[in-house]
Amino acid sequence: MKRYDLIVVGAGPSGLSAAIEAAKCGLSVAVFDENAKPGGQLFKQIHKFFGSKEHQAKIRGYKIGETLLLEADAAGVEVFLNATVSGMYMDKEILVRIGDAMEHFKADAIIIATGASENMVTFDGWTLPGVIGAGAAQTMMNLYGIQPGKRVLMLGSGNVGLVVSFQLMQAGCEVVALVDAAPRIGGYGVHASKIARCGVPFYLSHTITKAEGPDCVTGVEISQVDDHFTPILGTQKHFDVDTICMAVGLSPMSQLLKMAGCSMIDDPRRGGQVPLVDENGETSIPGIFAAGDVSGIEEASSAMIEGRMSGLSAAAYLGFLSEKDKDSSLNELEVALNSLHQGMFAPGSKGKAFTKTDEGIAVSPSLLKKGYLDESDISRFNRFDKKSGVHPIIECTQNIPCNPCQDACPKECIKIGKTITALPRIDEDNTCTGCGMCVASCSGQAIFLVDEDYEPGYASITLPYEFLPLPQKGDLGTALSRNGQPLGTAEIIAVRSAKAFDHTTLVTMKVPVAQAMTARFYKCEAPRAE
Amino acid sequence: MNRISAHPILGNIEKGQKVTFFMDGKLMEGYEGEPIAVALKASGVMIHRYTQKNHEPRGIFCAIGRCTDCVMIVDGVPNIRTCITPLVSGMMIQTQYGVTALEATE
């Protein structure tokens, strides 16, 4: 039986982070993962991450995954793939299925970082081919380059449903509607706005009542639900689709911890059955730690911090790290983790309805119901005296943990301050040069550059664009409003790509000045003649 | 065609060598090393198996080897999770009826 100082189960963001920290302290570390490739779900995350620099904000998930793999390799972490841990026994022994053999391994400490599995909901026809999980959609399109379907309906408006809907459109699929039984959108408003401005309608307080089709999905029926989430007869709507995608939450995969005898609790706010852990991730059994989604559903950024914390704690537990060094490192990580745990989407705020931001500004009801800001909301969040020339309009109206825009502006026009959940403010004393760094760095694609004085009667609007085909300078197309409605003809006057923009292209369009505060997207086709 | 030829973020997604395989005796093309399920999807196959009791169709659901909805008979072996099993040139893939490699009986 092979022995290590530390065994980590799960090679996702949390497990790899834990393994790296522990190996750097001198522990011999083995990581086991049932998948053929390490990285967990990171390599399917093609959007820019939120947070601040220390959380690797504005870097796309798959790039973070590549960095983690290099670090793990450099630290001497041994990774076993296609290795399913199926048992965890007394004295930190595990049973692993590798190929057709069952093997035993033993360590002095174990970190469980098995992540989570997707939830599903059932409805008539839900087992038909064509009904898939959101994770399946991401796997197919972002790892294997195949469209999950041509016309897709998404169920679930949390961040997963919103992000995957956008990614489906990036993969060339059509998203016909986004449906959620809840009365308001669960994920970040900025994610919702990205898809709303492409014209995707949101159906809140709706659910799927039937998947239609003889032997695979050809359509879907949704119905409005009442306050008790019961479908209301007579409210059915039909969509022709070939794919129904479910993004209805995640559940911790905590079975190994339960099996080992760790004290467990049922905590709906953390996603289900989770181990009781202390602030460093140690379970009720000394030397067994849990990190990442398995101890409470969050997202990859916090999973990586929790992983590092448990790796350091395991190192200290085994005497590879002095208590003093452990405490100083952990303090730093705790600060980083706490900064992610603030604001409207903090783990403790799940399900809470906010009427005001931390700054005391009334939130946008339209954003929560329909996925886009009403024009009347914008002035509440962009308060400054109009100066001539180009300037940013920041449509970021919720307290989410994110601040790359502040660092991106070389002229320091954008201020967030130390609390990264604070809303960005525009500093009028500094002059915008129109460089566009803020537009490209905003993970929520919520910053636009507007110049009302571009030409007499015309304004220019610079927007982030992550679709193909790219518009070309001189193209005539359609300006779209925040809810994807055509406003009229727009002319492309600049298209900028740069390495620093990281695949976000900055498209500048010319529109009548009356549309300066309403046009927020561009469609390559010219408007249809009425 | 449902393969993504160009992606705004990922560019051109790298593929293995083009190979052929058989699906219920019919010759099909896919890329070596990609999951069998992806190659089948590219050829328009949606139904992977029929359930034992009610003879209901099943296809890809989770695509990460967890739900076992996509299992098929691969080279004579039943219950192979096609979403995580790499395609190999010349593979014989069959629709699975029930839980064994036996032919469906009426």
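Me: In this predicted model, does A:Pro401 count as buried or exposed?
Reply: Happy to take that one, keeping in mind that the model is predicted. The place of A:Pro401 is the loop between strand E20 (391-394) and helix H11 (404-408) of chain A. A residue needs 20 or more other C-beta atoms within 10 Å to be buried. A:Pro401 has 24 C-beta neighbours inside 10 Å, so A:Pro401 counts as buried.

Me: Which residues does A:Pro401 touch, not counting residues up to four places away in sequence?
Reply: Contact here rests on C-beta atoms lying within 7 Å. Leaving out residues up to four places away in sequence, the partners of A:Pro401 are A:Phe50, A:Gly51, A:Ser339, A:Leu340, A:Gln342, A:Gly343, A:Ile420 and A:Thr421.

Me: And how does A:Gly417 come out, buried or exposed?
Reply: A:Gly417 sits in the loop between strand E21 (414-415) and strand E22 (425-426) of chain A. The cut-off for exposed is 12 or fewer neighbours. A:Gly417 has 11 C-beta neighbours inside 10 Å, so A:Gly417 counts as exposed.

Me: Let's move to the helices. How many residues of helix H5 of chain A are buried?
Reply: H5(A) spans residues 189-196 and is mostly covered. What covers its buried residues includes helix H4 (159-170), strand E10 (174-180), strand E11 (202-204) and helix H9 (365-370) of chain A. Among the buried residues are A:Val190, A:His191, A:Lys194 and A:Ile195. The count for H5(A) is eight of its eight residues.

Me: Are H1(A) and H2(A) roughly parallel or roughly antiparallel?
Reply: Helix H1 (residues 13-24) and helix H2 (residues 61-74) of chain A pack with axes 9 Å apart, at an angle of about 30°. Angles under 35 degrees count as roughly parallel. That angle therefore makes H1(A) and H2(A) roughly parallel.

Me: What is the handedness of that crossing, left-handed or right-handed?
Reply: The contact involves A:Pro13, A:Leu16, A:Ser17, A:Ala19 and A:Ile20 of H1(A), with A:Leu68, A:Glu71 and A:Ala72 on the side of H2(A). By class, the residues of this contact are six nonpolar, one polar and one charged. As for the way H1(A) passes H2(A), the crossing is left-handed.

Me: What about H1(A) and H7(A), is their crossing left-handed or right-handed?
Reply: Helix H7 of chain A covers residues 300-317, and its axis comes within 7 Å of that of H1(A), crossing at roughly 35°. The contact includes A:Leu16 and A:Ile20 of H1(A) and A:Met304 and A:Leu312 of H7(A). Its residues divide into 12 nonpolar, six polar and three charged. The crossing of H1(A) and H7(A) is right-handed.

Me: Which element supplies the largest share of the side of chain A that touches chain B?
Reply: In this interface, 30 residues of chain A are in contact with 27 residues of chain B. The chain A side has 14 nonpolar, 12 polar and four charged residues. Strand E7 (116-118), strand E8 (131-133) and helix H3 (134-143) of chain A each supply at least two residues of that side. The largest share, six residues, comes from H3(A).

Me: What is the phi of B:Asp24?
Reply: B:Asp24 lies in the loop between strand E1 (18-23) and strand E2 (26-31) of chain B. Because B:Asp24 has 12 C-beta neighbours inside 10 Å, it counts as exposed. Its phi is positive although the residue is not glycine, with a value near 50°.

Notes: Residues numbered from 1 in each chain as written. Chains lettered and ligands numbered in written order. Predicted model: local features only at pLDDT ≥ 70, side-chain atom pairs only at ≥ 80, totals over all residues. Contact = placed C-beta atoms within 7 Å. Helix = DSSP H or I, 4+ residues; strand = E, 2+ residues; numbered from the N terminus. Nonpolar A, V, L, I, M, F, W, Y, C, P; charged D, E, K, R; others polar. Axes fitted to C-alpha atoms, helices over the stretch in contact; angles between N-to-C directions. Parallel < 35°, antiparallel > 145°, perpendicular 65-115°, else oblique. Left-handed = near helix turned anticlockwise from the far one by under 90°.
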